Amino acid sequence: MKALVQHAVGESPRYEDVEDPTPGPGEALIDVAAAALNHRDVWITKGMYPGMSLPCTPGSDGCGIVSAVGEGGDEGWIGKSVVIDPSLDWGDAESHQGKDFNILGMPRAGTLAEKVTVPIANLRDKPPHLTDEQAAALPLAGVTAWRAIMTQARLQPGDKVIINGIGGGVALMAMQLAVAFGCKVWVTSSKKDKIGRAQQLGAEAGFFYVDAGWGKQARKTLGGGADVIVDSAGGPGFGELVDALAPGGRIAVYGATRGKWPELLPAKLFFKQATIASSTMGSPREFSDLCTFVADKKIVPEVDRTFPLEKGAEAFDHLASGEQMGKVVVKPG
Ligand SMILES: NC(=O)c1ccc[n+]([C@@H]2O[C@H](COP(=O)([O-])OP(=O)(O)OC[C@H]3O[C@@H](n4cnc5c(N)ncnc54)[C@H](OP(=O)(O)O)[C@@H]3O)[C@@H](O)[C@H]2O)c1
């Protein structure tokens, strides 16, 4: 079969022939209909992801049709249209992942291929209202957003929410979930057109995170600040988020695209009784809850662009450019 293979750090993944995978006991073989990229795949090309193990086929997100199951697997799955939970070996606790936790797409071969094998426990029915591209855009961003806002930041209907950097795949999913949950959502971006698109998808309005002092402005506009702020940038702009937070507010943190936090007076947090709610991916139960919610509310993940698998390297460049709004999808031919 054809697949993208990341051979070495600093290179683009190559489109090449690899051996067809066979499902082991308890696993399923999926003919990939569509896959999607995450920032994780870009970090891997740069050698900036924990537990680097190359060569490997990247890709954590995918949907497709089950074509076979391994020994002991329920044959009822064969022929079903599925989405894949990218969290492998989460472990027994809901509060945190266990020591064996890993993510599909390194070290285990991922979805940027014509076929992929995964544990049957990681399959869920594809939400029927979604196209293949939309379904492929859901899993990693969706489960990360779900746990960050629902479990860790304890989102309530009616909460005022700010999503920082709405161009991000997880950020946009978090916005769509929060809007569908009955929250009022504001966004930030570096780009006016992204704020405009977010408003079409249900956001109230937006702020430019590049403008110094936007956090205090947002606190005024929201009439006392945000109950929940969602952030994956970190970096020097983090203090603005603290300024935008309402008393008793929660900041859900799941990324560090812009690196270390600035020096911050602890009083800015504790006088507000603020909580920093950190989060990574999500448990199998949370992935099921996400799929049910998305199907019930008919949420449609935003797809920015779709590239053919043979042009996968261009898809990586597009994601790395930060120009995208929503998910970058890759489709086998
Ligand atoms: N912990 C986890 O489980 C987990 C899961 C998924 C992702 N992550 C991490 O979360 C981050 C985002 O991932 P992703 O896949 O959603 O990324 P992505 O789609 O590549 O998002 C990049 C976006 O970040 C925004 N951004 C850049 N600089 C910013 C700044 N200074 N302030 C605010 N926003 C800024 C930009 O938004 P605009 O274009 O609107 O300006 C950009 O579009 C990555 O660091 C990733 O590794 C962690």
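Predicted model: local features only at pLDDT ≥ 70, side-chain atom pairs only at ≥ 80, totals over all residues.
Reader: Where does Gln273 lie, and what is its phi?

Author: Gln273 lies in the loop between α8 (266–270) and β15 (275–278). Its phi is positive, about 55°, although Gln273 is not a glycine.

Reader: What phi does Asp89 have, and in which loop is Asp89 found?

Author: Asp89 is not a glycine either, and its phi is positive at about 55°. The loop that holds Asp89 runs between β6 (87–88) and β7. With 15 other C-beta atoms within 10 Å, Asp89 is partly exposed, because that count falls between the two cut-offs.

Reader: Which residue has a positive phi just after α4, and which just after α9?

Author: Just after α4 comes Gly182, with a positive phi of about 95°. Just after α9, the residue is Lys298, with a positive phi of about 55°.

Reader: How do I read a peptide bond that is cis? Where is the one that ends at Pro55?

Author: Look at omega. The bond from Leu54 to Pro55 is cis, with omega near 0°. Pro55 sits in the loop between α1 and β4 (61–69). Another cis bond joins Met106 and Pro107, where omega is about 5°. Pro107 has its place in the loop between β7 (102–103) and β8 (115–119).

Reader: Which residues of α9 are buried?

Author: In α9, the buried residues are Glu286, Phe287, Leu290, Cys291 and Val294. They cover an arc of only 140° around the axis, which puts them on the same side of α9. The general idea is that an α-helix has 3.6 residues a turn, so residues three or four places apart point the same way.

Reader: What do the buried residues of α9 pack against, and which exposed residues does the face turned away carry?

Author: The packing partners of the buried residues of α9 are β5 (81–84), β6, β9 (123–125) and α3. The face turned away from the buried side carries the exposed residues Arg285 and Asp296.

Reader: How many of the 12 residues of α4 are buried?

Author: In α4, 10 of the 12 residues are buried, so α4 is largely enclosed by the rest of the structure. Among them are Gly169, Val170, Leu172 and Met175. The elements covering the buried residues of α4 include α3 (139–152), β10 (160–163), β11 (184–189), α5 (192–200), β13 (226–231) and β17 (327–331).

Reader: What domains is the protein divided into?

Author: There is domain 1 (2–138 + 301–331), and there is domain 2 (143–278). The contact takes 9 residues from domain 1 and 8 residues from domain 2. On the side of domain 1 that touches domain 2, the residues divide into 2 nonpolar, 5 polar and 2 charged. Taken over C-alpha atoms, the centres of domain 1 and domain 2 are separated by 28 Å.

Reader: Why does the ligand lie between domain 1 and domain 2?

Author: Ask which parts supply the shell. Both domain 1 and domain 2 give residues to the shell around the ligand, so the ligand lies between them.

Reader: Which of the 31 residues around the ligand come nearest?

Author: Of the 31, those that come nearest are Gly165, Gly167, Gly168, Ser189 and Gly255. The shell divides into 10 nonpolar, 17 polar and 4 charged residues. Two helices, α1 (39–45) and α4 (169–180), each supply at least two residues of the shell.

Conventions
Residues numbered from 1 in each chain as written. Near = placed C-beta within 6 Å. Helix = DSSP H or I, 4+ residues; strand = E, 2+ residues; numbered from the N terminus. Nonpolar A, V, L, I, M, F, W, Y, C, P; charged D, E, K, R; others polar. Domains from an automatic or database assignment. Buried ≥ 20, exposed ≤ 12 C-beta atoms within 10 Å, placed from the backbone. Contact = placed C-beta atoms within 7 Å. Arc of directions from axis to C-beta.
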